[in-house]
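Here is a friendly walk through one model, from its inner spaces to its rings and its sulfur bridge. Have a look at the fold before reading on.

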Amino acid sequence: MKFSQSVVALVATAGMSVAAPLAKRQATAITDADILNYALTLEHLEDTFYREGLANYTEADFAGIGLDATFYTNLKEISADETTHVAFLTAGLIAAGATPVAQCTYDFGVSTPAQFIALASVLEGVGVSAYLGAAADIMSKTYLTDAASILTVESRHNAYIRQALGESPFPIPFDTPLDFDEVYTLAAPFIVSCPATNPALPVKAFPELALGTTGTIVAGQTITLLTPGYTLAPVDGTSPLYAAFITILGPIFVPATPVSGGFSVVVPASPEINGQSYVVLTGCSDAVTDDTVVAGPAIIEITNPLP
């Protein structure tokens, strides 16, 4: 089902696309070189994030928010891992005769150690979902093993930081895969510009979807998903819109009710929806594809009681 956006939305989306020279996905199949450069794009972002954070905040700054010297040492190790991932993927692309993407310019929007650690947890979680979602498209068994080796390390980073924040380090039995466009939608707001020489990647950003509800969120709770800077409505004026919560076992759909600034949805009860969760808006109630997603994903931290 087709949905229309206001002019403001189109401008906002175009602005997000201009932020990095990555082209809309083409009809041709994505290649292993594309996937490695996609992974390198994310690793550059994480690498820069940690290097900037460690340059801006001292061990004493982290101690001030209750994170001890051991945490600071491990944070430096996480940063070193991300730098190693960048070097590894860059070398692999060069060895394969492909041009690796270079580091971009970023704006992470953090101004305190607490904000830095909170965003670190989110970025690590997205990284896990990115590698997991890309795995099925990797043709080379060697590259697949390489990617899986990075994935397991990213997952440990994520679990460690979540535990430091007082969150469950492993809130669900299966991690959630995200596809290329869903991940790029989450990464694009941090990318200010990229070198013009970077090879274009077959990805696009969907319109932004943001969580408008604060505080602890649990299953059965009604939350608000915001569509900042644009409105979203069915072209025919009557077709329903759904919120699709992404899980490894398939999306779980709930009705999305229009409210001021966005949509109201009820968080479904499922053992696969807990911790860092992802939701998109779609006009389809039986599948989530790049053709049916109209906004998102939004990231929601859900805190259901563990068994």
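Which residues lie nearest the centre of the largest cavity? They are I35, A39, Y131, I138 and A147, out of 14 residues that line the largest cavity. Before going further, please keep in mind that this is a predicted model, where local features need pLDDT of at least 70, side-chain atom pairs count only at pLDDT 80 or more, and totals for chains, interfaces and linings use all residues. Residues are numbered from 1 along each chain as its sequence is written, and side-chain values use heavy atoms, with hydrogens and water left out.

**Cavities**

Rolling a probe the size of a water molecule over the atoms shows where empty space is left. Here a cavity is a set of points, on a 1 Å grid over the protein atoms alone, where a 1.4 Å probe fits but cannot get out, and lining residues have an atom within 4 Å of a point. Grid points are joined across faces, edges and corners, and a volume is the space filled by probe spheres set on the points. Searching the whole structure gives four cavities of 30 Å³ or more, and the largest holds about 90 Å³ of space. Two or more lining residues come from each of helix 2 (32–56), helix 5 (113–134) and helix 6 (141–164); helices are DSSP runs of H or I with at least four residues and strands are runs of E with at least two, numbered from the N terminus. Helix 2 gives the most to this lining, with five residues. By class, the lining has 13 nonpolar, no polar and one charged residues, where Ala, Val, Leu, Ile, Met, Phe, Trp, Tyr, Cys and Pro count as nonpolar, Asp, Glu, Lys and Arg as charged, and the others, Gly among them, as polar.

Helix 7 (residues 180–187) is largely enclosed by the rest of the structure, because eight of its eight residues are buried (under 20% relative accessible area, with exposed over 50% and partly exposed in between; 1.4 Å probe, protein chains only). At the start of helix 7, a side-chain oxygen of D179 comes to within 3.2 Å of the backbone nitrogen of D181.

The whole structure has 13 aromatic pairs, meaning rings of Phe, Tyr and Trp (its six-membered ring) with centres within 6.5 Å; planes under 30 degrees apart are stacked, over 60 edge-to-face and the rest tilted. One of the pairs is Y38 with F180, edge-to-face at 4.8 Å centre to centre and 75° between the planes. This pair connects distant parts of the chain, with Y38 in helix 2 and F180 in helix 7, 142 residues apart. F49 and Y50 also pair edge-to-face, because their ring centres are 5.2 Å apart and their planes at 75°.

| Residue | Relative accessible area | State |
|---|---|---|
| Y38 | 6% | buried |
| F180 | 4% | buried |
| F49 | 2% | buried |
| Y50 | 1% | buried |

F49 and Y50 belong to one aromatic cluster, whose members include Y57, F62, Y106 and F190.

**The disulfide**

There is one disulfide in the whole structure, defined as a pair of cysteine sulfur atoms within 2.5 Å. C104 is joined to C194, with 1.9 Å from S to S. The torsion about the S-S bond is about 100°, so the disulfide is right-handed. C104 sits in the loop between helix 4 (69–95) and strand 2 (105–106), and C194 in the loop between strand 3 (191–193) and strand 4 (210–211), so the pair ties together parts that are 90 residues apart in sequence. Both C104 and C194 are buried.

Conventions. Polar contact = N/O pair within 3.5 Å; in protein donor to acceptor, adjacent residues only side chain to side chain. 1 Å grid on protein atoms, 1.4 Å probe; cavity = no way out; pocket = protein on both sides within 12 Å on 5 of 7 lines; lining within 4 Å.
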